[in-house]
Amino acid sequence: MNGCKLLIKGGGKPLYGTVRIAGAKNAALPILCASLLTKEPLVLRNLPDVEDVRTMLQLLREMGVEIRFPDPNDRTRVILQAREIKCTEATDELAKTMRASILVLGPLLSRFGSARISLPGGCAIGKRPVDQHIEGLRMMGAQIEIEDGYIKATRVNTRLQGARILMDMITVTGTENLLMAAVLAKGQTDLENAAMEPEVTDLAMLLVTMGAKIDRIGSNHLVIQGVDALHGTEYEIIPDRIETGTFLCAVAVTGGKITLENCRPDTLDDVIAKLEEAGLSIKTTATEIHAVMKHRPKAVSFETSEYPGFPTDMQAPFMALNSVALGNSSVTENIFENRFMHVQELNRLGAHISISIDGKTAYVEGVQHLSGATVKATDLRAAASLVIAGLVAVGETLVEGINHLDRGYDKMECKLRALGADIQRVI
């Protein structure tokens, strides 16, 4: 699968039809790790069938978690049960392919008392240090050392201890890790400057259904009263807001009329506002989005920021939109350094994009047409931006590095093909 490429015959063919949005990868990964917090079964619905989820399931299985799909033909419903753990180590091989492997640290330490985790990998879009995870766990009474590329953590007392943790920077995975550690800690834990992303809220809501006591969910100050044990539950993972936004960018570029089902428009306020500014006509219900585009999009400028601001994961898809938009725009990336690697590839297709000296802002001069070429994706969202650009480029576009796309998009080319796109996977 990793050697596959996507061949797109573009030219701006409009998209028409309906797409069902998958469960959110960035919610599914911590929720899967939460299975480590109880010996009882955790039943999950709306699980996305993407490579990162498969990798996490493999990691949990190696640790001793029992994993079962009741219907072998349905990968959206899974049952996990961590009765006993035979290993509290996240191996180097798996951890280096997926940054979210760090999310087993908090649950392992809190319930089982020890963990040995390889320093995580994932997309090559910046340093993304794990120091906030480590310092927070130390404040809760963990003894942590980093040696030979591994985080080695042990619990000093029989339980982690509640603490007031003020994070130096907003970190989604850091918030999730400390939240999972705190639910079984003794006493009260205050997580201040916590991430407020919908995926963090989804994890918190799951933990509450498992018996956790968490107040101020959805705010930047989470208050957790530790409990002795959690129980099993059944839970439906939130729809993927980034996949939703990606398909909206696609129709904004190609034109057409699409309906997105099983989505949560209320988690995409900034994205929807920018798409409407670009000229996309959008109507929403609680779980659907109807989008119509009849003309060339208008250029939109924006800066990425933590939720509820404009999501960094939508920066690359919007860059593709701005590449063919009417007018000029600026895009400032405030979350990660080194997240403009798709710019060179978009320029290979004929886009006119330059980057500021400090590397934080891209300046986009919209062009009438892109031209097909061979391009290579370097990370997950960059891959999506190149697919969007390929849909509108004249001629054939070959997108290499599709393994990145498979990490976070559930059958993207199949969904686009159902909307009328000429796109296929080739060796």
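Reply: One definition to begin: buried means under 20% relative accessible area, exposed over 50%, and partly exposed in between. Note that this is a predicted model.

Me: Is R348 buried, partly exposed or exposed?

Reply: The relative accessible area of R348 is 45%.

Me: Which residue meets R348 in a salt bridge?

Reply: Side chains of opposite charge can pair when their charged atoms come close. Here the N to O distance is 3.4 Å, and the cut-off is 4 Å. Both residues lie in helix α11 (residues 341–348), three residues apart, about one turn of the helix. The partner of R348 is E345.

Me: Is E345 buried or exposed?

Reply: E345 has 9% relative accessibility. Buried means under 20%. So E345 counts as buried.

Me: How many residues apart are R45 and E234?

Reply: R45 and E234 form a salt bridge, with the closest N and O atoms 3.0 Å apart. R45 is in strand β3 (residues 42–45), and E234 is in strand β14 (residues 233–236). The pair thus links distant parts of the chain, and the separation is 189 residues.

Me: Is R45 buried, partly exposed or exposed?

Reply: R45 has a relative accessibility of 30%.

Me: What is the distance between the closest N and O atoms of D266 and R264?

Reply: D266 is partly exposed, at 40% relative accessible area. R264 is partly exposed too, at 32%. Their salt bridge has its closest N and O atoms at a distance of 2.7 Å.

Me: How many salt bridges does a search of the whole structure find?

Reply: Some salt bridges join up: D49, R54, R75, D410 and K411 are linked in a network. Over the whole structure, the search finds 25.

Me: Are α4 and α6 roughly parallel or roughly antiparallel?

Reply: Helix α4 (residues 105–112) and helix α6 (residues 172–182) pack at an angle of about 15°, with their axes 7 Å apart. Angles under 35 degrees count as roughly parallel. So α4 and α6 are roughly parallel.

Me: How many charged residues are in the contact of α4 with α6?

Reply: α4 contributes L105, G106, P107 and S110, and α6 contributes N177, M180 and A181. Of these contact residues, four are nonpolar and three polar. The number of charged residues is none.

Definitions and conventions: Residues are numbered from 1 along each chain as its sequence is written. This is a predicted model: local features need pLDDT of at least 70, side-chain atom pairs count only at pLDDT 80 or more; totals for chains, interfaces and linings use all residues. Side-chain values use heavy atoms; hydrogens and water are left out. A salt bridge is a side-chain nitrogen of Lys or Arg within 4 Å of a carboxyl oxygen of Asp or Glu. Helices (H or I, at least four residues) and strands (E, at least two) are DSSP runs, numbered from the N terminus. Buried means under 20% relative accessible area, exposed over 50%, partly exposed in between (1.4 Å probe, protein chains only). Axes are lines fitted to C-alpha atoms, for helices over the stretch in contact, and angles run from 0 to 180 degrees between N-to-C directions. Angles under 35 degrees count as roughly parallel, over 145 as roughly antiparallel, 65 to 115 as roughly perpendicular and the rest as oblique. Contact means heavy atoms within 4.5 Å. Ala, Val, Leu, Ile, Met, Phe, Trp, Tyr, Cys and Pro count as nonpolar, Asp, Glu, Lys and Arg as charged, and the others, Gly among them, as polar.
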